[in-house]
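Subject: Handing over a structure

Dear colleague,

I am passing a structure on to you, with some notes on what was found in it. Please look through it before reading on.

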Amino acid sequence: MNILVINAGSSSLKYQLYDMTTESVLAKGRVERIGMESSILTHEVEGRADVREVSEILEHTTAVRKVLDMLTHRSFGVLESIGDIQAVGHRIVHGGESFKESVLIDADVKLEIRNLFDLAPLHNPAHMMGIQAVEANLPDVPQAVVFDTAFHQTMPATSYLYAIPKVFYRKHKVRRYGFHGTSHDYVSKQAAAFLGRPLEELKIISCHIGNGASCTAILHGKSYDTSMGMTPLEGLMMGSRSGDLDPAIVPFAINKEDLTLNEVNSMLNKHSGLMAVSGISSDMREVVEAMESGDENARLAFEMYAYRIRKYIGSYAAAMNGVDVILFTAGVGENSAVLRKRVCEGLTFLGLDFDEERNELRSSETRSITRDGSAVNVLVVPTNEELLIARDTYRLVIGKE
Ligand SMILES: Nc1ncnc2c1ncn2[C@@H]1O[C@H](COP(=O)(O)OP(=O)(O)O)[C@@H](O)[C@H]1O
Ligand SMILES: CC(=O)OP(=O)(O)O
Ligand SMILES: [Mg+2]
């Protein structure tokens, strides 16, 4: 069975085509700048072709059409016809409290995703465009949705409630949801398999450090607490997001700088984090480069970023009364040895015996970066959200047949 996995953003659409008999990626790519003057489609076929096409793609339906054209292209394609796509799986950032697991799409599911627009105004409307674009192009193909929030639905009330009047939760579902759940779920299972130990026995702290970043305390295989909240703004310092801050700063900024609420929201989501503190970039590679050539603002940004991760690890070790495994994943977590080192340096009190040489080794496989015998295992685990989406979609579609 061939499954197309789609991660639709407001102006972008990433895709991967899986052959589920071997779980191999036949092709992948992304369409960027949808709705702008020159949209860019990048299409990759393992070891065969690399295509970059610039044209005008005004909306998601056309973007999906272009992707399908690419997948069946005479030279760059991997399919005879679009009839060879048997199912489509979508990443949905916000599933609220309605979705505790992945589901096949029907009218009720679409309505519920719409009802959640308020809780994820940047993400869910874009996902809906992706779903509708697939419906328009592949009307008979079953579609599944996989939620970032689903894995965290096991959190206890002590983790998910905010200490504010209950009416906000009752009336408006204001609570902590958590995100990157597909990734935290996948990497925690990979870690247990790597160590050859049952997941149900382990206390894991999973650090998904990418553009968006979150830490999750995974107690015996279930999410117990996580650093993102009602939206993906809470918690760690990120590329362009502030993470935790005193909420009193919001009215203060509105009064003192004459900003609107929307402007403050945009400041905290798009102009804060590494970007704001370094004054250079939201990209960790550029921040590290500047730091290494002596830039003090870049150093401060890096130090704050690492410190916040270490604080969350410490608090989650306390939350679970111990920790067996700390793991790093996603763009920064998988690739930045210097960041991992800085975070782990302050964790010797946990009995963590860091191995600098192992930390420096580059590999696309799961690996340990602590010495044998360390009381806490620190692992680097490559994430693969798309594969998990493809697997869930496959399971749901097969189950229905
Ligand atoms: N070698 C590297 N060293 C440090 N950071 C890196 C490296 N490679 C990638 N990154 C970081 O990874 C981030 C992207 O992570 P990723 O998980 O792909 O993010 P997202 O899926 O949220 O867009 C980039 O912003 C970049 O800072
Ligand atoms: C939820 C979230 O922050 O997603 P991303 O890391 O893709 O921005
Ligand atoms: Mg991501």
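Which residue of β4 is the bridge partner of G29? The partner is H43, and the two strands concerned, β3 (residues 24-32) and β4 (residues 39-45), run antiparallel and are joined by five bridges. Helices (H or I, at least four residues) and strands (E, at least two) are DSSP runs, numbered from the N terminus, and two strands are said to pair if DSSP finds at least two bridges between them.

Please keep in mind that this is a predicted model, in which local features need pLDDT of at least 70 and side-chain atom pairs count only at pLDDT 80 or more, while totals for chains, interfaces and linings use all residues. Residues are numbered from 1 along each chain as its sequence is written, and chains are lettered from A and ligands numbered from 1 in the order in which they are written.

The chain as a whole

The secondary structure of the chain comes to 15 helices and 14 strands. With 401 residues, a compact globule would have a radius of gyration near 21 Å, and the chain agrees with this at 21 Å (taken over C-alpha atoms, the rule being 2.2 Å times the number of residues to the power 0.38). Of the 401 residues, 44% count as buried, that is, with 20 or more other C-beta atoms, placed from the backbone, within 10 Å of their own.

The sheet

Eight strands form an open sheet of mixed pairing, in the order β5-β4-β3-β2-β1-β6-β8-β7. Its edge strands, each pairing on one side only, are β5 (49-55) and β7 (103-104).

The annotated position

An unreviewed UniProt entry carries the annotation "active site" at D148; positions are given in the numbering used here, feature names are shortened, and annotations may be inferred rather than shown by experiment. D148 lies in the loop between β8 and α4 (157-160), and D148 counts as buried because 26 other C-beta atoms lie within 10 Å. Leaving aside residues up to four places away in sequence, D148 touches V93, F179, H180, G181 and T182, where contact requires C-beta atoms, placed from the backbone, within 7 Å.

Notes:
Buried ≥ 20, exposed ≤ 12 C-beta atoms within 10 Å, placed from the backbone. Contact = placed C-beta atoms within 7 Å.
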